[in-house]
Amino acid sequence: MQTQSENACFGGVQGVYSHRSEACQTDMTFGLFLPEEAKLGPVPVLWYLSGLTCTHENAMTKAGAQGWAAEQGIALVFPDTSPRGEGVANDDAFDLGQGAGFYVDATQDPWAPHFNMWSYVSEELPALIAANFAVDMERQGITGHSMGGHGALTLAMGLPGRFASVSAFSPICNPAASDWGRKQLTAYLGADASKWAKHDASLMMEAEGFDGPMLVDTGTSDQFLELLRPETLAMTAAKRRQQGSIRMQPGYDHSYFFVQSFIEDHIAFHAEALYAV
């Protein structure tokens, strides 16, 4: 692991680090914010998964999360959204290939050798961070935006017992029935739609739900609302009587201005769950 940068930030440190990934077979970069309390011992950790076209840097610099995380004494992890580099498959479209890993382990060529973001985020990166930084992996929460909201919800439900809490901003809620999903899941996992179910938050909610609190925010003026399909998650959550809140925020769109507006709510929500563990 190599340190790319470390900056003082709200009494703690905002770092950027790179390493060779076995899961993705290329070099990967991630951001990690450690609050001041990490100098004294391991702190709870909140994962932030970003959306289409983003790198580790977008949320790290635009979400306004570090100040609120410092207030709560929580670490923040900002992974990249896909493998990158020479020899890594790509596509001319912004919603497939580099910058659009969709948090799955690809089984189809040309994606399979590198596009293993599920394994990277769920196994390799947590192990690397736990071995090198003062974080408490017994107290984890997960959140994300758009494609990252999809990843947060599916990882939370797909890894029972791992996360104390899950939240999402404008998540892709039903990719198996959306143009932000069918194209990518077919490319990465193949045409058999039964293999998509464990990567669809609405289908997973219907099948198993999440054993903990959930918070989801979507703007009523989100320009991608028809692709996100928040109503499907709301219906399956209500049917399951899932603990949590699914909120439609009047006038907000898909931008980081929306994320900034509600990031305090989300970090406080996770802090309550993480400190109850």
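This is a predicted model: local features need pLDDT of at least 70, side-chain atom pairs count only at pLDDT 80 or more; totals for chains, interfaces and linings use all residues.
## Cysteines

Residues are numbered from 1 along each chain as its sequence is written, and side-chain values use heavy atoms, with hydrogens and water left out.

C9 is in no disulfide, and the nearest cysteine sulfur, which belongs to C54, is 19 Å away. C9 is buried, with a relative accessible area of 16%; here buried means under 20% relative accessible area, exposed means over 50%, and partly exposed is in between (1.4 Å probe, protein chains only). C173 is in no disulfide either. For C173 the nearest cysteine sulfur is again that of C54, 17 Å away, and C173 counts as buried at 1% relative accessibility.

## Aromatic pairs

A pair of aromatic rings is described by the distance of the centres and the angle of the planes. Rings of Phe, Tyr and Trp (its six-membered ring) pair if their centres lie within 6.5 Å; planes under 30 degrees apart count as stacked, over 60 as edge-to-face, and the rest as tilted. By this rule the count comes to eleven aromatic pairs. One of them joins Y17 and F30, whose ring centres are 5.6 Å apart with planes at 35°, so the pair is tilted. Y17 sits in strand β2 (residues 12–21) and F30 in strand β3 (residues 26–34), so this pair ties together parts that are 13 residues apart in sequence. Helices (H or I, at least four residues) and strands (E, at least two) are DSSP runs, numbered from the N terminus. Y17 is buried at a relative accessible area of 2%, and F30 is buried at 0%.

F115 and Y188 form a stacked aromatic pair, with 5.6 Å from centre to centre and 20° between the planes. F115 lies in the loop between β5 (75–78) and α3 (117–132), and Y188 in helix α5, so the pair ties together parts that are 73 residues apart in sequence. F115 counts as buried at 1% relative accessibility, and Y188 is buried with a relative accessible area of 0%. Elsewhere, F169, Y252, F258 and F262 form one aromatic cluster.

Which way do the buried residues of α5 face? Q184, L185, A187, Y188 and L189 are buried in this helix. Seen down the axis of α5, its buried residues fall within an arc of 165°, so they line one face of the helix; the arc is that of the directions from the helix axis to the C-beta atoms. After α5 comes G190, whose phi is positive, near 100°.

S178 is found in the loop between β7 (165–169) and α5 (182–189). At 2% relative accessibility, S178 counts as buried. Leaving aside residues up to four places away in sequence, S178 touches L227 and R229, where contact means heavy atoms within 4.5 Å.

## An exposed glycine

G161 belongs to the loop between α4 (147–158) and β7. Is G161 buried or exposed? At 80% relative accessibility, G161 counts as exposed. The C-alpha atoms of G161 and Q140 are separated by 9.8 Å, and these residues are 21 residues apart along the chain.

How values were computed
A disulfide is a pair of cysteine sulfur atoms within 2.5 Å.
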